[in-house]
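Open the model in your viewer and keep the sequence panel beside it. The tour below goes from one selection to the next.

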Amino acid sequence: MKDTFKTIEKPTTGEFKDKGSKFLAYTRPISIEADFPLFLEHIKKEHPKARHYCFAWRLGMDKNCYRANDDGEPSGTAGRPILGQIDSFNLTNVGVVVVRYFGGTLLGTSGLIAAYKEATIEALKAATIVEKIVKNTYTLEFGYEKMSDVMNAIKRFNINILKQNFEESGTLIIAIRQSEAEQRLIEIRAAIMKISLEEAKMRENTEGVTIRESSL
């Protein structure tokens with residue numbers, strides 16, 4: 001199971017000039033589609049006198065969630081070249097906005113495609129590309145009589161605790177690498193119930209502990 005993807009570590013910029021027109025590219029890592037409009041609005045406020053704000057973004061492990069926008073440039077001359085470079089760098093969870101200041105001379109279709117492409121390349125070349133691991137999150141709820149067993153199991157398998165709460169009962173939110181999640185949950189259940197892995201595979205529930213997937 002593939003559970004890693006490449007994205008950029010932090011925002012970067014790039015610049016390309018041609019015949020007086022200036023193309024300023026801005027990149028930003030994004031996690032959800034709702035992140036992008038805020039990013040675009042920020043860039044527009046930074047450059048209120050620009051002629052165009054063309055952009056593209058791609059999201060998700062399968063890379064099927066994307067958008068490209070020419071913002072008034074001839075169809076296919078801006079958004080698609082920007083998106084093409086996101087793909088060329090094999091990235092996802094990335095948004096790019098290229099701001100154009102018009103220099104008075106028309107560049108033509110091929111000139112525009114090249115300009116938006118080159119500006120994007122410059123910004124992405126400046127980025128630190130990182131590989132992220134996709135993790136599943138789970139909520140564990142348990143009474144205090146089970147706390148020692150639960151915490152020992154979590155520590156034994158070096159599970160990442162994202163959040164914990166101890167009031168009337170104990171609650172943990174944990175993260176497990178997606179490709180390891182199924183086996184790791186079996187191991188955790190076996191450790192908590194002090195049974196073999198084979199027995200844990202046959203059990204649908206963990207005695208005294210509720211384990212469910214979390215959206216956190």
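## First stop: the largest core

This is a predicted model. Begin by selecting Phe23, Ile82, Val98 and Tyr116, the residues with the most contacts inside the largest nonpolar core, which has 21 residues. Next, colour the elements that give two or more residues to this core: strands E3 (21-29), E4 (52-59) and E6 (94-101), together with helices H2 (79-88) and H3 (108-125). Of these, H3 gives the most, with 6 residues.

Now centre the view on Ile82. Which residues does Ile82 touch, leaving aside those up to four places away in sequence? They are Cys54, Phe55, Ala56, Val96, Val98, Tyr116 and Thr120. Another core lies apart from the largest one; it has 17 residues, including Phe157, Ile159, Ile176 and Ile192.

## Second stop: the strands around E3

Follow the chain through the hairpin of E2 and E3, where 2 residues lie between the strands, and stop at Lys19, which takes a positive phi near 50°.

Move to helix H4 (residues 147-156) and show the side chains of Asp149, Val150, Ala153 and Ile154, which are buried. They lie on the same side of H4, because they cover an arc of only 130° around the axis. To see what covers these residues, show strands E8 (135-142), E9 (160-166), E10 (170-177) and E11 (209-214) and helix H5 (181-193), which are among the covering elements.

Turn to the face of H4 that points away from its buried side: Lys155 and Arg156 are exposed there. After H4 comes Asn158, with a positive phi near 55°.

## Last stop: the largest pocket

Finish with a surface display. How much space lies in the largest pocket? About 230 Å³. Select Phe5, Ile30, Ser31, Leu59 and Asn93, which are the closest to the pocket's centre of the 15 residues that line it. Strand E1 (residues 4-8) gives the most to this lining, with 3 residues.

Note on methods. Residues are numbered from 1 along each chain as its sequence is written. This is a predicted model: local features need pLDDT of at least 70, side-chain atom pairs count only at pLDDT 80 or more; totals for chains, interfaces and linings use all residues. Side-chain values use heavy atoms; hydrogens and water are left out. A nonpolar core is a set of buried Ala, Val, Leu, Ile, Met, Phe, Trp, Tyr and Cys residues joined through side-chain atoms within 4.5 Å. Buried means under 20% relative accessible area, exposed over 50%, partly exposed in between (1.4 Å probe, protein chains only). Helices (H or I, at least four residues) and strands (E, at least two) are DSSP runs, numbered from the N terminus. Contact means heavy atoms within 4.5 Å. Two strands pair if DSSP finds at least two bridges between them. The arc is that of the directions from the helix axis to the C-beta atoms. On a 1 Å grid over the protein atoms alone, a cavity is a set of points where a 1.4 Å probe fits but cannot get out, and a pocket is an open set with protein on both sides within 12 Å along at least five of seven lines; lining residues have an atom within 4 Å of a point. Grid points are joined across faces, edges and corners, and a volume is the space filled by probe spheres set on the points.
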